Amino acid sequence: MSRLASPLSALKHRYDVIVVGSGYGGGVTASRLSRAGKRVAVLERGREIQTGQFPQKFSELKNEFQVTGASFRTGSEQALYDVRLGRDMHVLVGCGLGGGSLVNAGVSLVPDRRVFTDEAWPGQVAQDGFIEEGYRRAEQWLRPASDPRAREMTKYKVLDRASGEAGGTIVAPRIAVSFEDTVNPAGVAQAACTRCGDCCAGCNVGAKNTVALTYLPDAVRHGAELFTGLKVDTVRKGADGLWHVSARVVGPERGTMPEVMIEAPVVVLAAGTLGSTEILLRSRDAGLAVSDKIGQRFSANGDIIAFGYGAKSTVNAVGVGYPSKVEGLEVGAAVSGQLEFHDAEILANEVRVQEGALPSAFASVLPVLFVPNGRLLGALQSLINGVYKGPFANLQTFFAVSHDSASGRFSLEDNQLALSWANAKDEPVYARLDKILSNLVAASGGSYVKNPLAGTVMGHQPATAHPLGGCGMGRERSDGVVDHKCRVFNGASNAGDTDVHDGLYVIDGAVIPRSLGVNPLLTITALAERAMLHFAQDRGLSYTTAPVSEPSSAVTAPGHATASA
């Protein structure tokens with residue numbers, strides 16, 4: 001597939017719609033509104049990374065981290081992994097054309113129905129039927145499926161054997177991965193998953209159904225223009241009634257065009273929980289009237305990433321990459337098996353524990369990461385033998401999601417986004433997860449390692465890869481930042497409680513006002529599809545979401561020559 005992004009020289013001053021961000025929310029918006037005939041521009045701070053170009057060894061991976069702390073910042077602003085180190089909690093998000101879909105595990109789950117009936121949501125979300133249609137459309141385009149061979153994977157078998165001690169029901173969860181050669185709804189040819197385990201470093205096979213292979217190519221096919229290396233600072237309403245978007249160039253073209261200003265009657269913030277919240281906070285400081293709830297109700301989605309070290313049997317939870325570094329070894333997708341813990345009475349007790357795979361690019365450094373925890377002998381043995389033999393062949397990786405109180409709060413400190421959440425580490429969810437994971441690891445004969453970097457710069461704070469909230473939905477501006485259609489409430493003193501800024505939206509994980517208890521990608525996509533249904537209904541637009549009728553091996557962005565796959 002040819003490149004999707006256009007050179008910045010092709011950027012126009014005015015569009016019908018400006019979409020800030022290119023993850024699930026931005027991808028859906030760009031696809032649907034370009035299909036509706038709108039002139040759409042997508043602005044993405046990260047860079048475009050094509051299939052086959054994701055890091056495959058640590059010498060490449062080490063340059064793909066941008067790390068921000070209270071008093072320091074390191075790494076390129078376009079590095080693939082964006083790590084925010086906070087005093088109460090750490091957050092990891094993806095950065096690139098396609099957003100978090102590039103580096104997530106692709107787990108695609110629908111939350112317990114009780115989630116949407118919670119009073120944190122506006123009632124329309126559960127009542128108008130659009131969320132169900134949103135999920136249907138999301139599934140049509142992301143095509144989540146269980147690996148038909150999941151139960152053959154070693155890490156699945158180890159989780160299954162240990163589940164008797166911890167309880168729970170084991171399943172092969174649906175993931176946004178193609179397990180057969182296919183042509184997807186955007187007309188893009190995708191190869192079948194090789195079960196290399198490298199999903200979370202970027203799929204070099206092209207089997208993962210990322211936004212970069214689905215919604216974004218469809219948007220380009222229908223006329224949308226995509227631009228990388230642009231980090232949006234503020235959004236302002238001009239006297240002409242148009243929205244003015246101010247951005248700075250952070251990519252290779254920085255020297256020729258340090259800042260840009262473009263305008264449109266409609267702006268959709270889809271820069272993720274961190275990005276969209278930060279943009280609205282900056283815009284508020286620049287004079288935009290928004291709800292006083294901006295920055296509140298941040299949830300970590302009850303997340304935990306943990307390890308089991310020293311299991312008695314082989315686990316094979318370190319990726320082998322593509323092309324494979326170990327001939328004949330299949331690891332499976334990043335997640336093949338999941339334990340489900342249900343509680344019909346208390347929603348907060350619902351837990352999903354997934355066995356995970358670390359990408360192959362981490363392989364050479366894994367022994368070093370575990371040295372601080374006193375596992376020097378095993379680490380040295382693996383440095384000699386490689387991680388596919390010895391102790392690290394028995395390493396277990398766990399991804400878990402549950403529920404928390406969504407008590408985090410964003411603010412700007414020294415012109416930088418800061419997260420505060422007093423006593424976050426004492427949230428009840430972490431004790432529940434520690435107990436479950438400890439039992440699972442013990443049943444496998446290993447030792448539970450909550451964080452191999454504890455005691456270093458990571459400290460003992462919890463971390464999440466599923467940040468939610470900050471621009472939460474509400475019934476009115478006194479309890480939310482956006483309404484159920486994702487329109488930003490007008491916070492001016494003379495505005496009514498339900499008045500909104502015409503043409504200003506937030507459509508991403510930032511609008512989710514509570515934990516989901518499942519990996520959020522499918523829900524973010526469904527909410528975006530739902531928002532587009534309302535957008536079209538309100539503005540008299542129509543579009544189809546049907547797959548393209550003529551598959552194509554090449555999708556060409558404006559300013560680029562056609563290239564075959």
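Val 290 is found in the loop between helix H7 (272-285) and strand S15 (304-309). The model is a predicted one, and Val 290 is buried in it, with a relative accessible area of 6%.

**Val 290 and its surroundings**

- Val 290 and Asn 490 are 200 residues apart in sequence, yet their C-alpha atoms are 5.2 Å apart in space.
- Apart from neighbours within four places in sequence, Val 290 is in contact with Leu 280, Arg 284, Val 488, Phe 489 and Gly 491.
- Val 290 counts as buried because its relative accessible area is 6%, and buried means under 20%.

**Helix H10**

- Helix H10 covers residues 428-443, which is 16 residues.
- At 1.5 Å a residue H10 should span 22 Å, and its end C-alpha atoms are 23 Å apart, which agrees.
- The buried residues of H10 are Val 429, Tyr 430, Leu 433, Ile 436, Leu 437, Leu 440 and Val 441.
- Seen down the axis of H10, these buried residues fall within an arc of 135°, so they line one face of the helix.
- An α-helix has 3.6 residues a turn, so residues three or four places apart point the same way.
- On the other side of H10, the exposed residues are Pro 428, Ala 431, Lys 435 and Ala 442.
- Just after H10 comes Gly 445, with a positive phi of about 85°.

**Helix H4**

- H4 has 13 residues, and the distance from its first C-alpha to its last is 18 Å, close to the 18 Å expected at 1.5 Å a residue.
- Buried in H4 are Phe 130, Ile 131, Gly 134, Tyr 135, Arg 137, Ala 138, Trp 141 and Leu 142.
- Viewed down the axis of H4, its buried residues fall within an arc of 170°, so they line one face of the helix.
- The cover over these buried residues includes helix H1 (24-35), helix H3 (124-127), helix H6 (215-221) and H11.
- Arg 143 follows H4 and has a positive phi, near 50°.

**Helices packed against H11**

- Two packed helices are described by the angle between their axes and the distance between the axes.
- The axes of H4 (residues 130-142) and H11 (residues 521-539) come within 7 Å and cross at roughly 115°.
- The crossing of H4 and H11 is right-handed.
- Residues of H4 that meet H11 include Phe 130, Ile 131, Tyr 135 and Leu 142, and those of H11 that meet H4 include Leu 521, Leu 522, Leu 533 and Gln 537.
- The residues of the contact of H4 with H11 divide into 10 nonpolar, five polar and five charged.
- H1 and H11 pack at an angle of about 35°, with their axes 8 Å apart.
- H1 also passes H11 in a right-handed crossing.
- In H1, the residues that meet H11 are Tyr 24, Gly 25, Val 28, Thr 29, Arg 32 and Leu 33.
- In H11, the residues that meet H1 are Leu 521, Ile 524, Thr 525, Ala 528, Glu 529, Met 532 and Phe 535.
- The contact of H1 with H11 divides into eight nonpolar, three polar and two charged residues.

**Single residues in loops**

- Gly 187 is found in the loop between strand S8 (182-183) and strand S9 (189-190), and Gly 187 is buried, with a relative accessible area of 1%.
- Gly 187 and Arg 32 are 155 residues apart in sequence and 16 Å apart in space, C-alpha to C-alpha.
- Arg 195 has a positive phi of about 60° although it is not a glycine.
- Arg 195 is found in the loop between S9 and H6 and is buried, with a relative accessible area of 7%.
- Asp 414 is a residue other than glycine with a positive phi, near 55°.
- Asp 414 lies in the loop between strand S19 (409-413) and strand S20 (416-420) and is exposed, with a relative accessible area of 79%.
- The peptide bond from Tyr 322 to Pro 323 is cis, with omega near 0°, and Pro 323 is found in the loop between S15 and S16.

Terms used: Residues are numbered from 1 along each chain as its sequence is written. This is a predicted model: local features need pLDDT of at least 70, side-chain atom pairs count only at pLDDT 80 or more; totals for chains, interfaces and linings use all residues. Side-chain values use heavy atoms; hydrogens and water are left out. Axes are lines fitted to C-alpha atoms, for helices over the stretch in contact, and angles run from 0 to 180 degrees between N-to-C directions. Helices (H or I, at least four residues) and strands (E, at least two) are DSSP runs, numbered from the N terminus. A crossing is left-handed if the near helix is turned anticlockwise from the far one by less than a right angle, and right-handed if clockwise. Contact means heavy atoms within 4.5 Å. Ala, Val, Leu, Ile, Met, Phe, Trp, Tyr, Cys and Pro count as nonpolar, Asp, Glu, Lys and Arg as charged, and the others, Gly among them, as polar. The expected span of a helix is 1.5 Å times one less than its number of residues. Buried means under 20% relative accessible area, exposed over 50%, partly exposed in between (1.4 Å probe, protein chains only). The arc is that of the directions from the helix axis to the C-beta atoms.
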